[in-house]
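Hi,

Here is the model I promised to pass on. Have a look at it first, and then read my notes below.

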Amino acid sequence: MSAPVLSVQRLVHRFSGAGGTTVKAVNDVSFDIAAGETLGLVGESGSGKSTIGLLATRLLRPTGGRILFEGVDITQLSPAALRPLRARLQIVFQDPWGSLSPRMTIGRLLEEPLTLHAKLTSVARAAEARRLADRVRLPAAALARYPHELSGGQLQRVSIARAIANRPKLIVLDEPTSSLDLSVRAGILQLLDELQRETGVAMLFISHDLETVRLVSHRVVVLYLGRIAEEGPTPRLFEAPAHPYTQVLLSANLPPDPSVPLARHEVFGEIPSPVNLPPGCFFAGRCPVALPACSTAPPEPLRVEDGHFAACIRVADGTNILAPAEETAR
């Protein structure tokens, strides 16, 4: 078996907070992404999703753990050493208005990554920019325009075109469709699927939109306070979630069909502070099936079935499934 494109091993990250405090944003996270695979990363706001995306692309230096890209340890590489890798390691941000220079035309924005990473003449760069625009279904007239003259969906296509300009091996997509209308979102997702089928690029798809993650991902990682609660193949995880937190999270999702009754799992209590995390399972204080042992030590991932793991000690005896919630109509 070939090595994964990206291997994150026991990743840890800390931020300095107010008053000398330390925010524990990412806590011992490990996962792999293979070529041609999309890994979905989900969780509540503040769960560490975007931080992991920045760490995976080394826009942040991790506090601990290792990041291997195409088998090369990039954890502690300097910015100068990372620069040759940037062509193959790309990120698309949630907000294209904030990530694209307002002073550059779309044509120049598309040529910029080629200028940095490809040895092309100015004529060849301009031709490649036109090809990229056509590939992401941007009209040729858009190349002479500035970002403020394009719609949000068109700008996200520009961001994707820039990301694929140098044929990367990995693209991190951080909430790439959250600010877009449903019809525009569908077009972006179709484009990403086409690009992956054509090039075999690996993708880390970060989102709080569970339906979108279910649609685009091959596997899913569920985060809670910067720690993996569950990981598994997308169909299995959505149809039979094993961790109590995943069950609660999925029960809060609104299905597209308004006639489908909602079955909620309610939890009580406060989310622990990332400044002062508990010693055991982070979800134990709110979990309806928690045992005293859940609060003493971090749970190890337990195998549910092949490729499906949950960090819950109650998986071992099958008592991890929450009682059915009462169904309510919307």
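How many disulfides does the structure hold? The count is 0, taking a disulfide as a pair of cysteine sulfur atoms within 2.5 Å.

Before the rest, some housekeeping. This is a predicted model, so local features need pLDDT of at least 70 and side-chain atom pairs count only at pLDDT 80 or more, while totals for chains, interfaces and linings use all residues. Residues are numbered from 1 along each chain as its sequence is written, and side-chain values use heavy atoms, with hydrogens and water left out.

Back to the cysteines. For C281, the closest cysteine sulfur belongs to C294 and sits 6.2 Å away, which is too far for a bond. C312 also has C294 as its closest cysteine sulfur partner, at 6.2 Å, and that is too far for a bond as well. C281 is buried at 14% relative accessible area, and C312 is buried at 8%. (Buried means under 20% relative accessible area, exposed over 50%, and partly exposed in between, with a 1.4 Å probe and protein chains only.)

Next, the cores. By nonpolar core I mean a set of buried Ala, Val, Leu, Ile, Met, Phe, Trp, Tyr and Cys residues joined through side-chain atoms within 4.5 Å. The largest one has 56 residues, and the members that touch the most others are I106, L110, I160 and L192. Helix 6 (residues 152-164) is the top contributor to this core, giving 6 residues. (Helices are DSSP runs of H or I with at least four residues, strands are runs of E with at least two, and both are numbered from the N terminus.) If you skip its neighbours within four places in sequence, I160 is in contact (heavy atoms within 4.5 Å) with V92, V136, I188, L191, L192 and L195. A separate core of 29 residues lies apart from that one, and its members include V5, A56, L170 and L204. As background, nonpolar side chains tend to be buried together in soluble globular proteins.

Helix 7 (residues 182-199) deserves a look too. Its 18 residues reach 26 Å from first C-alpha to last, close to the 26 Å expected at 1.5 Å a residue; the expected span is 1.5 Å times one less than the number of residues. Which residues of helix 7 are buried? They are R185, G187, I188, L189, L191, L192, E194, L195 and Q196. These buried residues pack against strand 3 (38-42), helix 5 (122-135), helix 6, strand 7 (170-174), strand 8 (202-206) and helix 8 (210-216). After helix 7 comes G200, with a positive phi near 75 degrees.

Positive phi also turns up in residues other than glycine. One is D28, with phi near 65 degrees. D28 lies in strand 2 (residues 22-33) and is partly exposed, at 35% relative accessible area. Another is R167, with phi near 55 degrees. R167 sits in the loop between helix 6 and strand 7, and is exposed at 58% relative accessible area.

Finally, charges. The whole structure has 15 salt bridges, each being a side-chain nitrogen of Lys or Arg within 4 Å of a carboxyl oxygen of Asp or Glu. In one of them R219 meets E37, at 2.6 Å from N to O. That pair links distant parts of the chain, 182 residues apart: R219 is in strand 9 (residues 219-224) and E37 is in the loop between strand 2 and strand 3. Buried or exposed? R219 is buried at 18% relative accessible area, and E37 is buried at 13%.

R66 and D73 form another salt bridge, with their closest N and O atoms 3.4 Å apart. R66 is partly exposed at 37% relative accessibility, and D73 is partly exposed at 33%.

Then there is E128 with R131, at 2.7 Å from N to O. These two are 3 residues apart in helix 5, which puts about one helical turn between them. E128 is buried at 15% relative accessible area, whereas R131 is partly exposed at 38%.

Cheers
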